[in-house]
Amino acid sequence: DESSMLFDFVASSNGAPVEELGVQTPFYGALAWETFLMDEDNAQAAFYLTQPRYEFEFSGVNQSHRVDESGRLGEVYLNGSFAIQNRIFLGFSLGVKTGGYEQTSVYTENTVPDNLLLNDFSFTYTQRSTVGGIDAKAGVIIKPEPWLRMGLAYQFPFRLNIVDNFSTRILSNFRDNTFYIAESPEGTINYQLRSPGKVTASFALVKDLDGLISVDV
């Protein structure tokens with residue numbers, strides 16, 4: 001009973017001339033303008049008012065928000081190891097990670113008074129992301145004596161490359177049986193999730209099957 005997304009459309013558009021809405025707010029305010037959810041404010045240039053004029057009288061709206069999302073992340077590893085004279089043991093692991101994420105978010109708003117021309121509108125946000133990266137580890141264990149083991153392992157820095165593709169859409173319905181649909185261009189964001197490398201040194205004293213003392217750093 002205190003807020004409407006139309007107020008947010010107006011706030012994000014204020015200060016931008018009509019011809020610049022598609023540049024300054026292509027995923028938001030520009031769509032509200034194209035679907036007649038806001039008008040120009042005749043008193044101030046490059047400022048806007050909500051189409052039902054909520055600024056002058058606002059008795060609340062019915063709101064609903066639904067989010068559907070799904071994702072997956074798969075890993076394929078190639079591992080190998082070999083020994084030299086049963087004293088030096090080398091190993092490595094090479095992994096490939098791939099996956100994706102999808103989200104559809106639909107916000108719907110219905111007007112409460114029946115005397116308004118606007119009946120309802122929906123704002124839809126759609127995102128599809130792809131991810132991929134390579135994970136590598138290598139290590140060595142040395143046994144100079146049967147009772148002594150020394151090891152050194154390195155986990156290489158991991159980078160997960162992520163590409164987000166997203167778009168928005170507005171559908172507005174009016175009580176005179178007219179409706180309007182506007183869709184944004186597709187936006188793309190590329191970024192990386194990076195973890196640091198890690199070095200592990202180990203030292204162990206082994207007494208047959210009786211026990212051991214082990215230290216990892």
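Q: Which residues form one aromatic cluster here?
A: Phe9, Tyr28, Tyr107, Phe121 and Phe123 do. Keep in mind that this is a predicted model, where local features need pLDDT of at least 70, side-chain atom pairs count only at pLDDT 80 or more, and totals for chains, interfaces and linings use all residues. Residues are numbered from 1 along each chain as its sequence is written, and side-chain values use heavy atoms, leaving out hydrogens and water.

Q: What makes two rings an aromatic pair?
A: Rings of Phe, Tyr and Trp (its six-membered ring) pair if their centres lie within 6.5 Å; planes under 30 degrees apart are stacked, over 60 edge-to-face, and the rest tilted. That rule gives 14 aromatic pairs.

Q: Why is the pair of Tyr154 and Phe156 called edge-to-face?
A: Their centres are 4.8 Å apart and their planes sit at 75°, so the pair passes the distance cut-off and lands in the edge-to-face class.

Q: Why is Tyr154 called partly exposed?
A: Its relative accessible area is 31%. Buried means under 20%, exposed over 50%, and partly exposed in between (1.4 Å probe, protein chains only), so Tyr154 falls in the middle class. Phe156, at 39%, is partly exposed too.

Q: What about Ile88, and where does it lie?
A: Ile88 lies in strand E4 (residues 88–111), strands being DSSP runs of at least two residues, numbered from the N terminus. Its relative accessibility is 30%, so it counts as partly exposed.

Q: How do you know that Lys97 lies over the face of Phe158?
A: Lys97 is 5.5 Å from the ring centre. The rule wants NZ of Lys or CZ of Arg within 6 Å of that centre and within 35 degrees of the ring normal.

Key: Helices (H or I, at least four residues) and strands (E, at least two) are DSSP runs, numbered from the N terminus.
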